[in-house]
Each structure stands twice: as C-alpha cells, then as structure tokens.
Number of protein chains: 4
Amino acid sequence: MNNYEDIREEAYAANMQLPAFGLVLFTFGNASAADRKKGVFAIKPSGVPYSELSPEKMVIVDFDGQTVEGNLRPSSDTQTHAVLYKHWSEVGGIVHTHSTYGTAWAQALEPIPVFGTTHADHTTLAVPCAPPMDDKKISGNYEYETGFQIMEHLEISGLNYKETEMILVGNHAPFTWGSTVEKAVYNSAVVEELARMAFLTMQINPAVQPMKAALIKKHYERKHGSDSYYGQ
Amino acid sequence: MNNYEDIREEAYAANMQLPAFGLVLFTFGNASAADRKKGVFAIKPSGVPYSELSPEKMVIVDFDGQTVEGNLRPSSDTQTHAVLYKHWSEVGGIVHTHSTYGTAWAQALEPIPVFGTTHADHTTLAVPCAPPMDDKKISGNYEYETGFQIMEHLEISGLNYKETEMILVGNHAPFTWGSTVEKAVYNSAVVEELARMAFLTMQINPAVQPMKAALIKKHYERKHGSDSYYGQ
Amino acid sequence: MNNYEDIREEAYAANMQLPAFGLVLFTFGNASAADRKKGVFAIKPSGVPYSELSPEKMVIVDFDGQTVEGNLRPSSDTQTHAVLYKHWSEVGGIVHTHSTYGTAWAQALEPIPVFGTTHADHTTLAVPCAPPMDDKKISGNYEYETGFQIMEHLEISGLNYKETEMILVGNHAPFTWGSTVEKAVYNSAVVEELARMAFLTMQINPAVQPMKAALIKKHYERKHGSDSYYGQ
Amino acid sequence: MNNYEDIREEAYAANMQLPAFGLVLFTFGNASAADRKKGVFAIKPSGVPYSELSPEKMVIVDFDGQTVEGNLRPSSDTQTHAVLYKHWSEVGGIVHTHSTYGTAWAQALEPIPVFGTTHADHTTLAVPCAPPMDDKKISGNYEYETGFQIMEHLEISGLNYKETEMILVGNHAPFTWGSTVEKAVYNSAVVEELARMAFLTMQINPAVQPMKAALIKKHYERKHGSDSYYGQ
C-alpha cells in the first residue's frame, strides 16, 4: 500500500480531527484527500468507527468513483466526493459532516446570512443551501447526483468553488472543500461556528439585516485580496 | 455469579457509556442487557452512582420482573424493561435516559419530526411521543404500565419495534432498544442528537415542513433495505 | 485548626465540585458545610480562585455570621448562609452558584414550571423565584436580607425547606441546600438541568402546560413518600 | 529579546488562556500586554495557531503601531490595540475574541442589557455595542479607525474605560481590556457569559425589563465602591 501513503496519512489525520472538533457523532461524517497527479483520493471506509481507523484502512478511489486499492468498502458518500474532484481541478480535500448547527440550517432549507466579520473573513455571500433534488434523481444514483446538485447550486448562487469552500445540502448537511483536506476540515469547523452564531443572532434580533457591503468587502479583502494581510 | 457473566459485562459497559456520551446526570438513566435463552436480563442497581458500578453489582431479573440474582435492588424502571423484553422477542437491550433534548421534546408532548437525512437514516417517521397514561394506571403499577404505554403507542403510530427503536414517553423521557444493548445505547445518543437538531431547525425556520417522502425512502433504504449499502 | 476538620474537608470538597459540574465561572459561587452541634459552618474564602483552595483556607463562621476561625475573609454571601442555618435547623449544607440556565430563569423573574418527571422526582411544585427585595433592604444589610427573602418567599409559595431544597432569587441566581453539603451540590446541578430542560420545553412548545397532578404525585412519592422505592 | 521578557510571557499566557476558556476557534482572537514605561506592547503574531505560540513569537509594537522587535507580522488587529493603549493611559492589557455569544450580540447590533447581579458585579450599564463605522472609514485604515470607534462609542454611552472594561463592535465581536492582560482575559470570559445569560433570559421572558437601579448600584458598589467587600 505504499503507493498512496501520503494521502492515506492525510485522510486519516483529517478524519480523526472531525470527532476532535466535535463535528461528528459516531460515523456521521467523512473526509477525503486527493492526489491529483495520480487521479485518486483516499477516503474513510464505510461504517468504521473513528476509534478503529488507521491510514491503512483508508480506501483509494479514482475520480470516476472506482476503488483502486483497499479491502474495505469506501464511505457511502464516495460518489459525491468523486464527482467534485473530477470537476473541480483545484480541490485537494473534501469533508462532509452532520455537524449540529450546520445540519439544522440545512434542514431548515435556509442559507446562512452574512451577519458579521467572522463570516465575511471566509466568504462574501451567504453560505448557500442547495434545495433537495427532484424525486427521479433521488431514486437514481443518489450520491452521484448530490455532487452535481452541489456544483449547480453553487453556480446558480453566483459563487466560485475556489472562493466559497462550503455549502449546505438541503435536508441533509454541510459539505466543505479546499486545496488540502486540512483546509477542508478547517472549513467544516468554520461553517459550524458561522451556523451557530447566525442562529443566535437571529434569536437575539429577529429583524437583523445582513452586514453592509463595505464591511463585507473590507473583511474579505483583508484575507483574500491581492493586498491581503489578515491573521489575528 | 458466573451464570450471567456475559450480560453483566454488557449491561455494565452500556451503563458506563451513558455518562461518557453526556446522556445522564447523576443516576438519571439505566441500561439493561438480556440473555433471551435464559429469559433474564442484567440491569443497573437502583440509585448507585455510575462511578461505583461494576459488573458484579448488576441485578439479574426475569421477564416477569422478578429478581433472580443480586443483593441490590434493581433500577426503579425495571418493570418497564421486563414488559418490553417479555413482549418483544427480538430485543436484546434497552436503555432509558433523561437526556436533555430528548426529555425536552417529551416534556413538550411533541413527536420529533423528520427534518433531514440524519433522522431518516434511522427511522422513516417522526420519533413518536406517547401521551401520559390515565390517572388510574399512574396510581397503579406505574412502571409496569409504562411498558404497555410504549408498546401501544408504537402500534397506534403504525410503527414496528424492529424498525423504530426509539420513543419518547410524554412528560417523562426517551426509551430506546435494539438487538443488543450496545445498539440501544447508540440509539439513545442518536435520539438526543435528532432532538437537538430538530429543535434548532424549528427555531431557524418555524414554518419548516418534514422532509419529502422520496428522500426519506432513499435514506432509509440506504441503511435498512435489502440493497442497503450505507456507512459514512 | 483541628477543631473543624470535618466541615473544612466537606466544604472544600463541595466547593471543588462546583467547577467540576460546570456550575461556576471563576469564583461565581460558594458552598458551605455546617456542624450543627458546634453551631458553625465552613465556607469558601472571598475571591479565592477554586484552583487555590484547600481545606485550611475555609473560613469558620457561626450562625450569626461572625468569623470564628480563619485568616481569610469569608465569601461575601456569608450572611445569607448564616441566616438560613440559624432558622432552618435541619440544613447541613448550602450552595450558591450563578449557573447559566438557573440564573437566566432568575433574571427572567420566572419560576421553573414542572414539565416532567425529572422535575417531579425532586419537588412537586415549580422551583420558586423570589422577587427582588425593596430598595430599602437592598441598601441595608443586603446579604442578610437575602436570607429572609428566601425564607419568606418559600413560605408564601406554600413550600417547606425540608422538601423543596432549591430556590431562585430574582435578578440574582439559584440557592440550594440539603441535609449535607453534598446534597446541596447535587441540588445545584439538578436545578441547572431542570432550568435547561424547561427552557427547551417552552421553546419547542410555547403552549405547553405543567404536568398533570397524578403524575407529579406519583413521581414525588416514588422518591420521597413513606413507600419510596425510587432509584434509576 | 530579553528587553521585553515580562510582557512576552504575559501576552503568551493570556493568548493561551483564550482557547482554554473556549473563547476562540482556530486563531479568531488575540491578546496583548503593555509595558507602559517603555511605551510598547507584546501581541500575538498574525495567523499562528495557538498550539505553535511561544513567548519568543510575540511581536513587540509601540503605541503608534510600529513593530519594535520580532520577525513575525503582528496580529491584523494590532492597530486597534495601539490606538487604545495610546489614548487610555491606565490600560495594561487588551483582548479581542470572536466568542460565540458575545459575537452574536455584536452581529445583532444590540447592547447586552443588565438583567442581573452577575452583570452588575462588573458594570452598571448595558455592555455597549458600537455601530458599524461609515463606509469611508472602513475603506481607509480600518483597524486604526476601529480603535476610535470603540473610544467614541464608550464616551457617547456615558461610560469610562476605567469602569467598563468591555464593548461589542457591531457586526464584529467583543473587545475587552483591563489594568493587566490577565484582567482583560477575565473580562472576555465574563462578557461571553453575560451575553449567554442575557440571550437565555430574553428567550424565557421576552418582556423582561433591566434590573432596577437600587440592585445595580448595590452590586456594583459591593465590588467597586470605596467600601467594596465583594468576593464570592
């Protein structure tokens, strides 16, 4: 199994961070790390508790969703990961969790509004919430279609996957990504905190409006613009 | 006490998981494990703190609720466990907790609606909430009647104990079960998380509707159907 | 300091449990243990962080609030403790915290309704909330008057300190007591959990009514009546 | 680097307390400690994870915001700290976090009302919430202007920085300060707890009014007046 040692280690470390950050209960989540040159990614095996994971147990899958190496079945969400890797050439890691607050917003079928600078430091618009897909797609290749649902809704929302690295899938839960799986894990923790803060903000002031454009722009540019200088 | 070593160990381990998962405060909960061939179950002794439990302290009780072995008094909820074991021939473990969110839904006398796939992965309908029993039964053999209250409400709700392994008892708290006590503990943690997510979902969007049927069906079949393949 | 070794140890252990149970931030709470034969109690010294406490640092105070032994100043709430020990002859321990949910109900000036059996296992009526005292008493011997405020409101509410061992002081926070300080700490953790559950219950179902009388009676008698048998 | 060893150690210890108290996720916060005689402060370097901090990595900056010593870039919020040190001659430490509840109130653009004695023990008025600054200032020297925004809103609110050591910056998050950075960290933990309790108080009783003046006065004087005696 020495062919894919790097991504096995990365995927393992990332999966182990999910319970450490309080983002998963039992096996309700999965992380994958891609080796784009080899056209494969390492992903959590299906249904194995985090306490029993090891780098060797990660399953190597190609961008068409075919298992390349590994004796265990890959996560049931593998096809979603595969679709995104195939179409998004600069993504190196993907994470899916059922984290509590992010999932609650997804279940509420509501995007997470930009109420403050914590949010704007990461994305300039609401975290989008893709609507549930139509019944035909659901009864078909469901996880594969979930990948397209994510890509299409991001595009409809006027967002680019290189700048907005998080989405809610309606009635389901968050997906995040990044240039590395470590960044994707970071984004999973961030979207959970944004979801929690936005929930509380609306409870405190139900008439609250999204933050004004000048402040969104400033914070996003602090972190992402050509003159970026952010870092607390 | 070597006769029932297996179920003593299982019941002990399960009881110890309840505080580890944050599902009980002090002694507000109990788990039991059955040996169906011998027609008995091991259950937590009454009022003993979790920190002082041991396999030897578990009390062995038959399905009529009579103590078979043990010097300590069994949990005050023992009769409820006995009734369920007696009538549900494929149940191997039962757990009762006063976990915070599950208990809040039980106190609100509301079933937990299916708002997302996290829920549908476990049961296709709302987690039912049995109404409080009539005053006569309350003043009679209360814990024994609680068992019947659970069975009757599950039936009225069109649910089968083999598929829906969790219920709320109105004004009281959740009960869960499974083929093993380990599965019943898992179900206790799951119902608490479903309760928490559903609470947040309704706070974010008070007009939210239950998830559509096609998605419920898909997710349940991923995990339970003849072609099940689920495992994150 | 050997005269009061027992209550020093008890008060120390009880104070240390408050941060362990998540009931206090910094020094926002205090516990005391009485030796009723000697007419004194041991209480936390004022403003000392929990991490620096020791049995030797506990201050010994009599039921009139006079320091009997100890170089440190006793907690600023000492007079409240003294008044309650003086008038309630069967109380052996008192605890005061600013635990989050209990304090929120006190700040809302609302008693905690009986919504379920978790509550009824401990008291048959709402946890009372004493109104803020009049301005004259506030500007006088405030902590001393707080003791009377507690006693008077308990009496007005038709409650006996031997059966209801917890109260909210309006705009302030919970006080609890018991035959031992260990029991008073237990009651502090219980009132916090009852407060949290009741908050959630009302959020889930704003029209919820208190639990019916037959069920309250049953649960209270399980634990407290002459035929008590409770213990989960 | 021996010139500023004391404030390096103090700033390091304070920054490490922020994750320990649960006040920051990743690097969403920063603490600084001033040496007023030397006219400099030590502050967290930009973007460095807490787990990789050390006293040596702290950056030494003067009150005009110029780096005096250190190879790393100082926190992006450094100019805000510098402005406050320059104008508030008795401040020895400043802390900024994006703690969950404090940030939610800031995002809601609402001051935190005085609902109870926990709050009044620390400040007699609502914790103020500075409005977002005008677009011109945002697009200018944003962090520098944030310092003035804080000072001006405190003054408009009739508050003195020596008595009220905490503020919310609208759409952003809390800032706190104190005679030492240790006190500023304490204030950060306090404002988060006040924010959480006030949120819950308003959820329980939406019609709740701020606490009456006599009680505010009493509690504040217990802790701050010339006859102060507070300490739980």
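Guide: Buried area is the accessible area, taken with a 1.4 Å probe, that two parts lose on being put together, summed over both. Please keep in mind that this is a predicted model.

Visitor: What is the area buried between chain A and chain B, and what percentage do carbon and sulfur atoms give?

Guide: The size of an interface is often given as the accessible area lost when the parts come together. Here chain A and chain B bury about 3000 Å² between them, and carbon and sulfur atoms give 58% of that area. In terms of residues, 38 from chain A are in contact with 31 from chain B.

Visitor: How many salt bridges and how many residue pairs in polar contact does the rule find across this interface?

Guide: The rule finds 3 salt bridges between chain A and chain B. In one salt bridge, the side chain of A:Asp77 meets that of B:Arg222, with an N to O distance of 3.8 Å.

Visitor: Which elements of chain A give two or more residues to the side that touches chain B?

Guide: They are the strand β1 (29-35) and the helices α3, α5 (135-139), α6 (142-156) and α7. The largest share, 6 residues, comes from α3(A). Sorted by class, this side of chain A has 18 polar, 13 nonpolar and 7 charged residues.

Visitor: Let us turn to helix packing. At what angle do the axes of α3(A) and α7(A) cross?

Guide: Two packed helices are described by the angle between their axes and the distance between the axes. In chain A, helix α3 (residues 100-107) and helix α7 (residues 181-204) have axes that cross at roughly 65° and come within 7 Å. Their crossing is left-handed. On the α3(A) side, the contact is made by A:Thr100, A:Tyr101, A:Gly102 and A:Trp105, while α7(A) supplies A:Glu192, A:Ala195, A:Arg196, A:Ala198, A:Phe199 and A:Met202. These residues comprise 6 nonpolar, 2 polar and 2 charged.

Visitor: How do the axes of α3 and α7 of chain C cross?

Guide: In chain C, the axes of α3 (residues 100-107) and α7 (residues 181-204) come within 7 Å and cross at roughly 65°. The crossing of α3(C) and α7(C) is left-handed. Among the residues that meet are C:Tyr101 and C:Trp105 in α3(C), and C:Phe199 and C:Met202 in α7(C). By class, this contact has 6 nonpolar, 2 polar and 2 charged residues.

Notes: Residues are numbered from 1 along each chain as its sequence is written. Chains are lettered from A and ligands numbered from 1 in the order in which they are written. This is a predicted model: local features need pLDDT of at least 70, side-chain atom pairs count only at pLDDT 80 or more; totals for chains, interfaces and linings use all residues. Side-chain values use heavy atoms; hydrogens and water are left out. Axes are lines fitted to C-alpha atoms, for helices over the stretch in contact, and angles run from 0 to 180 degrees between N-to-C directions. Helices (H or I, at least four residues) and strands (E, at least two) are DSSP runs, numbered from the N terminus. A crossing is left-handed if the near helix is turned anticlockwise from the far one by less than a right angle, and right-handed if clockwise. Contact means heavy atoms within 4.5 Å. Ala, Val, Leu, Ile, Met, Phe, Trp, Tyr, Cys and Pro count as nonpolar, Asp, Glu, Lys and Arg as charged, and the others, Gly among them, as polar. A salt bridge is a side-chain nitrogen of Lys or Arg within 4 Å of a carboxyl oxygen of Asp or Glu.
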